[in-house]
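Please look through the model below before reading my points.

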Amino acid sequence: MRPQRTDLLRGTLDLLILKALHLEPLHGVGISRRITQITRDAFQVSFGSLFPSLHRMEEKGWVEAEWRASENNRRAKYYRLTASGRAQLKAEEREWNQVVKIMTAAVESA
Amino acid sequence: MPGRIVSFFRNLLHKNAVEQALDDELRSSVELLSEEKMKEGLSRSEARRRALIELGGVEQVRTKVREIRVGRLLEDFAADLRFTNRTLAKSSGFTLTAIVTLALGIGANAVVFSVLNALLLRPVNVPNAHNFYLVQRFHVPPQAYPDYLDLRDRNWTFESMMAVKFVGEVGVDTGGNPSTAWPVLTSGNYFDALGIRPYLGRFFHASDEKGVNSAPYVVLSYAYWRSHFDEDRGVVGRTVEINKHPFTVVGVAPSEFRGTDLIFSPAFWIPIVDEPTVLSINSLQNRSEHNLWVMGRLKPGVTPAEAAADLNALGSWLSKTYPADDDGIKFTLGSPGLLGDALEGPTRAFMAGLMLLAGLILLAACANLGSLFAARAADRSKEVALRLALGSRHARILRQLLTEALLVSIAGGAIGLFGSVQILHALSAWNPFPDAPINIPVNPDVRTYAVALLLAVASGLLFGIVPVRQVLCADPWQMIRTGTRGTGALRRFTLRDVLLVAQIAICAVLVTSSLVAVRGLVRSLHGRYGFEPQNAIVVQSDLHMAGYANNQTAAMQRRMLDAVAAIPGVSAVGFADDLPLSIGGSDSFVYSDSATDFRPTNRAADAMNYSISPGYLRAAETRLLAGRDVTFNDDLKAPAVILVNRQFAVELFGSVDKAVGAHFKLFGGSRVEVVGVIEDGKYRTLTEDQQPAMFFPFLQNDSSNTWLVVRSKRDPSEMAAALESTLHGIDSGLPLTIAAWTEEMGFALFAARVASVALGVMGLPGAMLAITGVFGMASYVVSRRLRELGIRVALGAGKRAVLSASLGRALRLLAIGSAAGLVLGVLAARVLSHIVYQATPMDPMVLGGVVAAMLLIGLAASWIPARRALAADPLLLLREE
């Protein structure tokens, strides 16, 4: 349990969830699949991390949820980005790009 | 973050709905996952199994989601509280001990703090009290009226300056029911300068002062208006008679205004320019009569230092202009409310001492509880180990222990506060001098409550963290395996022992000092002060109240003497204008016979002065050492004569023998001859240094105030009745106060009484804490070593051995603590000797008393553990394992 690593992962997970929801509302399982897809199978998000993150984001008002029928006519809880969630996504993307730039520069320097 | 706030309440209020939604979501996720798997060609049950594996367990996910929710801390806290309630209720003896201990500690602190707050921290209850100061002459309050006028009119640093004169009782007649009351005389600007609005009518103003006797007005206090005028709103404009002179009621003061003194609340206020009307004396022109209190409000931006410099510049001017009266005069600023620096110093020292003791008591209580909680944590080590083994985090267990400590401390604090509020209300209502409106308003205010709460929480944390180390170091595996932690810690001299010794020492200090104070008090009641207060009745009357003019008083006093002397059973009677060791008493400067310059610095002595009748010495049982008593022939036609005490004789003339027949001069130059020398006495306080005193014959120095001293062998109540009917037989309008002389000495003994009561009250919780401390220690040791004791008994140990093994340690600590406390108490008693006359710890009664008290404490505390230890039955113990 090294706290720095957790924080990095948690921040990354939030960004991935927001990104996954950017196109269309999804349910929990859908989000997991979408993340696997957009990271080209690099990330397998466990539900034990996904659901707490989702609920935290819901409490913060970044996403809102509604129950509706799934593609196979099953009832499922769909999450959708709110306005503040969109703003958060932009902010996190900007931050991430900056981190990447800095880290790349740092790693490639002599 | 409104979303989070909404979630917070949703989580708390609709807990079930929130949980239900989570359940639904997880179930639907499982469905969605298994459908996916079934599409890949798996059987329904296999798909479901894989789905559950991928999800990672419904219950696990649920717990993780629950953990991030807002409001979870509160939920945990509620759970902790419920758990704590259960565990505390299960061990009610422990809980009760802890709560009572804390209630005592916090209660004692709340009471002492409240008194400290009321007397020293809280300013006088006037608007803008922060720039309101008492102007002292040197370091005592009294000033002369002409000096006050000069200060008021010539300073540049004070916005306003007012004068207050305390006078004794006056006779009041509101129409048919004569009574007495205690007013104060004030300068006309008094109310305006304070910035107070009248409740009814108006106040008098500076503009009402148009010379002597120009303002026959009176402003009633709210309390007096309620008690004597039945809240009659038509009272404004009515005329009342004060000492038989008409005064007009102009207004009523608001209920919260009790005057500018903390402990004295006057019945009404009269303009000081009317002093000659009220008192039949006129001190307004006299620069040598210091009897006013001067207070003032600084101008905005002026510092107290600037004001003092300004006053002292005026002082040196006064000193040059009026050398006879004001030579070398210096002014200082003091805080109003108490009697200036004079009373504030000792009060501050005493209260600081008490606060320290109270703090020590609480500290001892915390030490006590710390040990109790540590013992409890040790006893619960199995439970803790089990919880740790089941995956509970250390933080969670610690939080729960702290919750327990805080719950106990808050309960103790609440009970302690409740008790102290009762005590404080009783104290505020207490009227120490039955005939004077003096009380000590120490009702608790917000600060008291805040301090009590703060102390409760702080002490909760303090004793709550004692067992923390124990829990942090706990190794669940070790504990579950062996059931106990090593007993090695018991052998060492631990922090807990030190705490216990300190606690016992504090208790011994308290017991010692309260015994010293009480013994001193008892001794002072039977001491010899130059008169014999036992078996004497005193009758106080003021002839001005009854309407006698100055030239009529002496004749009336003579008639009173003759009438009382004729009562059967009276063996001696005499009177004085003031009694030693009662509230009054005045002093004045005397000069050697050769003196021609009567400035204060040339004085030969500052002597107490009394005016006495023939027979007073015999009635008071004051011994005449040389010369003769005053007689009825020492009147205005005869040469001026005087009696002096031994101290006076030695100071001025070198010896008692040389004094008789010698002369000296009074202030102003009149010459008197000493005709007799009497024994020394105490005049103002029991602890004072020996003062010189002189006694005028009443026919040469008249006074309306009359204290008859009557000595008789008859029953006091019978005698009092006879005195009243005899004196009212001469004049039915004479106001009389009849009491035993010992009762009248209440004022002189007041400080000693307060000290004894306060120390006694502090000593009680101190003693109880020592008992619980020793008890806790002893019973803990016994319970820890019960098995060992059982084995010893099985091996043939006698009762003695068992007792010494189980109680030896606690009792040794008790002995060490008591000895340390006794030594400290003896040292502390030196401070006490300034307050209580003849307070000395070098008294077999005190020393014996302390030892006996500590022995009793030890016995009481170890009784139950000792019985438990003796009942150790090896068979039972073996079976238990």
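1. Start with the contacts inside chain A of this predicted model.

2. Next, the elements of chain A. How many helices and strands are there in chain A? It has 4 helices and 3 strands. Read from the N terminus, their order is α-β-α-α-β-β-α.

3. Now burial. Chain A has 110 residues, and 28% of them are buried.

4. Turn to where the two chains meet. Chain A puts 19 residues into the contact, and chain B puts in 20. On the chain B side, three helices each supply at least two residues: α1 (2–13), α2 (15–39) and α4 (58–68). Which of them gives the most? It is α2(B), with 7 residues. Sorted by class, the side of chain B that touches chain A has 8 nonpolar, 6 polar and 6 charged residues.

5. For the pair as a whole, the predictor reports an ipTM of 0.83. The pTM it gives the complex is 0.65.

6. Chain B also has a strand worth a look: β10, residues 268–271. Are its faces covered or open? Both are covered. B:Phe268 and B:Ile270 are buried on one side. B:Trp269 and B:Pro271 are buried on the other.

7. Strand β10(B) has partners. Strand β5 of chain B (residues 184–186) runs parallel to β10(B), and 3 bridges join the two. In this pairing, B:Val184 stands opposite B:Trp269. Strand β7 of chain B (residues 217–220) runs antiparallel to β10(B), with 2 bridges between them. Here B:Leu220 stands opposite B:Phe268. Both B:Trp269 and B:Phe268 are among the buried residues of point 6.

8. Last, confidence. The mean pLDDT of chain B is 81. Of its residues, 91% reach 70 or more. Where does pLDDT stay under 50 in chain B? That happens over residues 485–491. The model has 6 contacts beyond four places in sequence for this stretch. Where pLDDT is low, the predicted coordinates should not be read in detail. Please keep that in mind when you view residues 485–491 of chain B, where pLDDT stays under 50.

Conventions:
Residues are numbered from 1 along each chain as its sequence is written. Chains are lettered from A and ligands numbered from 1 in the order in which they are written. This is a predicted model: local features need pLDDT of at least 70, side-chain atom pairs count only at pLDDT 80 or more; totals for chains, interfaces and linings use all residues. pLDDT is the predictor's confidence in each residue, from 0 to 100. Two residues are in contact if their C-beta atoms, placed from the backbone, lie within 7 Å. A residue is buried if 20 or more other C-beta atoms lie within 10 Å of its own, exposed if 12 or fewer, and partly exposed in between; C-beta atoms are placed from the backbone. Two strands pair if DSSP finds at least two bridges between them. Ala, Val, Leu, Ile, Met, Phe, Trp, Tyr, Cys and Pro count as nonpolar, Asp, Glu, Lys and Arg as charged, and the others, Gly among them, as polar.
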